[in-house]
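Please look over the sequence and the structure shown below before reading on.

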Amino acid sequence: MTNASFTLLRIVLSLVFAALLLVPLWWYGGLEVADLQSAWSRVTLSALWPALALYLLMNLLRTVRFASLIPPAERPGFLPLLGVTSAYSMAATVLPAKIGEASFVLYAKRVCGVSAASGLAALVVSRLLDLATLAGLFSVTCWALHLAGAYPGIPWFLGVGSVLAAISVACFFLSARGDLLVIFAMTIVRWFGLERVSIGRTVTAKAEQVAGALRFAGGEGRLVRAALVSIPIWISIFLFCAVLGRAFGLPSELSYAELAFGSALAIVTSLVPISAFANFGTLEAGWVIGFELLGVPRDLGAATGLGLHVVQVALCVAVGIVGHLIMGATRSSRSSPRPR
């Protein structure tokens, strides 16, 4: 079986698995075709344009964050890195089981000349900052709902918010000292004696390069700048979900704290690394459960969650295709001979 056919098979299987995940959600939510038709009938261009603008803003900010974490000697121009970020976001979203995450390292090296160690370090620190910021904003949302006292039947907002705050601090610490992850992995390698074989020595040598790149990315103010960019990234993500959720029919009475709570829980469940195409099924599950806790009917939650997810994937693919075109153009300009 060729690599292309194997990839196609994985995607087909992930589509089937996504459908199997959506079936119980469909049953649990009591969703009917009429509910989906009703949700889509509410969507207008006036609602989609802000969502597109927010998605593009996310992409631009992610590019800025990646640039801040790459060493100046290897830092590419903004346009080629924007193309890499856009194409990587599509691969990370669409490919099953999170295997698309590695595409950033590959694209950054091929298109921008960023070393694998520096690209991996920028990716790891960025993802740790994503987890730290998501957990931090999620904890603030839980505390806000607890202080508002609008849901006396949910006593655990304060406790969950405190746990999320601790997770946020831990992820931020790891983003500053990501080399500790490599040191821990190398301790396991040495414990099993793998460094005595050829592949073990190769892995150890590469790990030292990655550890150095992680120390660079997490030091000298670079981490602070990247963390400050992470906050508007995640505010944009929550606003994106709020805009589309309301466009598809979520009650207008829901506050932004309530919309952020449901959105955050959906994002958390979508992080489960299972082989579902574009996280279909896992994101909707978190969305339905989160908003059901806030009093939104299951069928409405399922219809709005699925509608939001379809739009999000469509935007991701469209922007990702543009990113591939940018990568192709920048690679061509780099490889074309200079006039003498």
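## The protein as a whole

What percentage of the 340 residues in the protein is made up of buried residues? Buried residues account for 49% of them, where buried means under 20% relative accessible area, exposed means over 50%, and partly exposed lies in between, using a 1.4 Å probe and protein chains only. This is a predicted model, in which local features need pLDDT of at least 70 and side-chain atom pairs count only at pLDDT 80 or more, while totals for chains, interfaces and linings use all residues. Residues are numbered from 1 along each chain as its sequence is written, and side-chain values use heavy atoms, with hydrogens and water left out.

The secondary structure consists of 13 helices and zero strands; helices (H or I, at least four residues) and strands (E, at least two) are DSSP runs, numbered from the N terminus. Of the contacts between residues at least 6 apart in sequence, 75% join residues at least 24 apart, a contact being heavy atoms within 4.5 Å.

## Helix H4

Helix H4 covers residues 78–94, and its 17 residues should span 24 Å at 1.5 Å a residue, which agrees with the 24 Å between its end C-alpha atoms; the expected span is 1.5 Å times one less than the number of residues. Because 15 of its 17 residues are buried, H4 is largely enclosed by the rest of the structure.

The axes of H3 (45–69) and H10 (residues 222–247) come within 9 Å and cross at roughly 165 degrees. Here axes are lines fitted to C-alpha atoms, for helices over the stretch in contact, and angles run from 0 to 180 degrees between N-to-C directions. H3 and H10 are therefore roughly antiparallel, since angles over 145 degrees count as roughly antiparallel, under 35 as roughly parallel, 65 to 115 as roughly perpendicular and the rest as oblique. The contact of H3 with H10 has 21 nonpolar, three polar and three charged residues, where Ala, Val, Leu, Ile, Met, Phe, Trp, Tyr, Cys and Pro count as nonpolar, Asp, Glu, Lys and Arg as charged, and the others, Gly among them, as polar.

H10 also packs against helix H11 (residues 256–270), at an angle of about 105 degrees and with the axes 9 Å apart, which makes H10 roughly perpendicular to H11. Eleven nonpolar residues, one polar and one charged form this contact. In H5 (residues 103–112) and H6 (residues 116–148), the axes come within 9 Å and cross at roughly 135 degrees, so that these helices are oblique to each other. Phe 104, Val 105 and Lys 109 of H5 meet Ala 116, Gly 119, Leu 120, Ala 122 and Leu 123 of H6, and by class this contact holds six nonpolar residues, one polar and one charged.

## Two residues in their surroundings

Ser 126 belongs to helix H6, and it counts as buried because its relative accessibility is 1%. Setting aside neighbours within four places in sequence, Ser 126 is in contact with Arg 65, Phe 66 and Leu 69.

Glu 74 sits in the loop between H3 and H4 and is partly exposed, with a relative accessible area of 22%. Again leaving out neighbours within four places in sequence, Glu 74 touches Cys 112, Gly 113, Val 114, Ser 115 and Ser 118. Although Glu 74 and Gly 119 are 45 residues apart along the chain, their C-alpha atoms are separated by 9.6 Å.
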